[in-house]
Amino acid sequence: MTSTPDAPRKTIPILAVPGKGPAASAASMAEEEVWLYEAHQKIYPRSVSGQFARWRWALVFLTQLVFYGVPWLQWGQRQAVLFDLEARRFYIFNLVLYPQDFIYLTGILVISALSLFLFTAVAGRLWCGYACPQTVYTEIFLWLEKQVEGDRSARMRRDAGPWNADKLARKTAKHLLWLALALWTGFSFVGYFTPIQSLGQEVLQWNLGGWEVFWTLFYGLATYGNAGFLREQVCKHMCPYARFQSAMFDRDTLIVTYDEARGEPRGPRSRKADPAALQLGACVNCSLCVQVCPTGIDIRDGLQYECIGCGACADVCDTVMDKMGYARGLVKYSTQNAVQHHWTPRQLLRRVLRPRVLVYGAILGTVVLAMGVSLLLRTPFKVDVVRDRGTLARIAAGGRLENVYRLQIMNATEAGQTFHLSVDGLPGLAVASEEAVAVEATQSRWIAVRVQAPFDAAAAGSHPIHFHIDAPDLHASVSEKSVFIVPR
Ligand code: SF4
Ligand code: SF4
């Protein structure tokens, strides 16, 4: 066990010779000081190539193309995707959402959670190994580190050696590159909330607002810290998904497995040697699968919660198998059942459609369908009605009863609209103020609306009424409930 001077420590008795009776045991008790926490061992993942590494890099490019590219897309006169918190408007291509559309955000969160359940039940932690931002940025940071400092062995040698000009120059260059990428990431993140083109001009003019500086630095430095330093510790100790994903696993979930029956007993041998004659399995005990592992575990020890399913060990083991002239797949994606029962890939795939997957799939499909239909049928404007409590019900000119309301009309289209107001619920009830209201594109407007009824329209008290707001150009209308107060 590695120790550090500051780590909590404890003195424990060690029984050196067990099974010799109480007297002998007492005599052989020794004391040893042990540290309760193991110091963190830095992991130097070796770079790897292969089919799964290619998939991971494809997803790195795809996810980053989306993340860095989307804020620069334009949609008409505005940014295509913009979450304008200040104006309380969310723009997602042709959708203009108001805070009242919060239900869609809830729907997206529900769909994301169900997708994660379904995906995990089918394919284990493939999300972690291929598309999770922590994996993606760690992969990019590791690549930059390799360009500047070399691969695993060179980095380990340099870290163990003394500081000199070369080490200082390489470390400085690496951190500058990391910081540049991290700050660009922070800038892109803020670009989802502030128009990115004006944000870029503010950066060039050194004129950023306080919040923009804060969030750019916060997100950027979080990226720098997580991908540059914390790396696998985020997956092992901080990510909640790592903790609860095992509840979604079963024996038919795809995981990275070591074929113990084929690999053991492990041991080195020459390429020409016959493993059967040496009574050895296919594992040559080269430890490359451990060296490439970003979380530093040994897949030959079985399924471990630290495994993010990245397939790096499978890639490197395949290269070893190729060199040895053995069949690939000693370490591979499979399921516990498939390994135990020696299933073919076809049998394995047949187990994908098991009840748990069908239930997750059915619920997910229903929610996606409901949200799609709801978005399609969504009225392109919204109305809020508030009775003006500052103005009591009163008698207006001509002896009519009058109540005053405040209406907020939110135009969620990209064109200016004229809305027509009407009201019903009592005999002779009518809007006495302006009936046509113009609202500019993607804007909302508050207006005061006076509603009048004949003096004898109803008994004293509160009466339910309905406002109808029509948008002729949109062929849409909205009705909102309110009450009309008749004074005593
Ligand atoms: S890479 Fe393959 S052969 Fe080498 S130690 Fe790991 S499992 Fe064994
Ligand atoms: S054990 Fe293999 S699949 Fe799991 S994290 Fe390590 S390298 Fe990736």
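Modeller: This is a predicted model, and the chat below covers its ligands, a helix pair and some salt bridges.

Colleague: Which residues are closest to ligand 2?

Modeller: Cys-293, Cys-307, Cys-310, Gly-311 and Cys-313 are the closest, out of 13 residues that surround ligand 2. By class, that shell has 10 nonpolar, three polar and no charged residues.

Colleague: And what classes make up the shell around ligand 1?

Modeller: Nine nonpolar, two polar and one charged. The residues there include Cys-283, Cys-286, Cys-289, Cys-317 and Arg-300.

Colleague: Changing topic. At what angle do helix 2 and helix 5 pack?

Modeller: About 105°, with the axes 10 Å apart. Angles from 65 to 115 degrees count as roughly perpendicular, so helix 2 and helix 5 are roughly perpendicular to each other.

Colleague: Which residues meet there?

Modeller: Among them are Trp-57, Val-60 and Phe-67 in helix 2, and Val-136, Ile-140 and Trp-143 in helix 5. The contact has eight nonpolar, three polar and two charged residues.

Colleague: How many salt bridges are there?

Modeller: The count is 23. One of them joins the side chains of Arg-78 and Glu-414, at 2.3 Å from N to O. Arg-78 lies in strand 4 and Glu-414 in the loop between strand 12 and strand 13, so the pair ties together parts that are 336 residues apart in sequence.

Colleague: Is Arg-78 buried or exposed?

Modeller: Buried, with a relative accessible area of 14%. Glu-414 is partly exposed, at 40%.

Colleague: What about Arg-231 and Glu-145?

Modeller: Both are buried. Arg-231 and Glu-145 form a salt bridge, with the closest N and O atoms 3.4 Å apart.

Definitions and conventions: Residues are numbered from 1 along each chain as its sequence is written. Chains are lettered from A and ligands numbered from 1 in the order in which they are written. This is a predicted model: local features need pLDDT of at least 70, side-chain atom pairs count only at pLDDT 80 or more; totals for chains, interfaces and linings use all residues. Side-chain values use heavy atoms; hydrogens and water are left out. A residue is near a molecule or strand if one of its heavy atoms lies within 4 Å of it. Ala, Val, Leu, Ile, Met, Phe, Trp, Tyr, Cys and Pro count as nonpolar, Asp, Glu, Lys and Arg as charged, and the others, Gly among them, as polar. Axes are lines fitted to C-alpha atoms, for helices over the stretch in contact, and angles run from 0 to 180 degrees between N-to-C directions. Helices (H or I, at least four residues) and strands (E, at least two) are DSSP runs, numbered from the N terminus. Angles under 35 degrees count as roughly parallel, over 145 as roughly antiparallel, 65 to 115 as roughly perpendicular and the rest as oblique. Contact means heavy atoms within 4.5 Å. A salt bridge is a side-chain nitrogen of Lys or Arg within 4 Å of a carboxyl oxygen of Asp or Glu. Buried means under 20% relative accessible area, exposed over 50%, partly exposed in between (1.4 Å probe, protein chains only).
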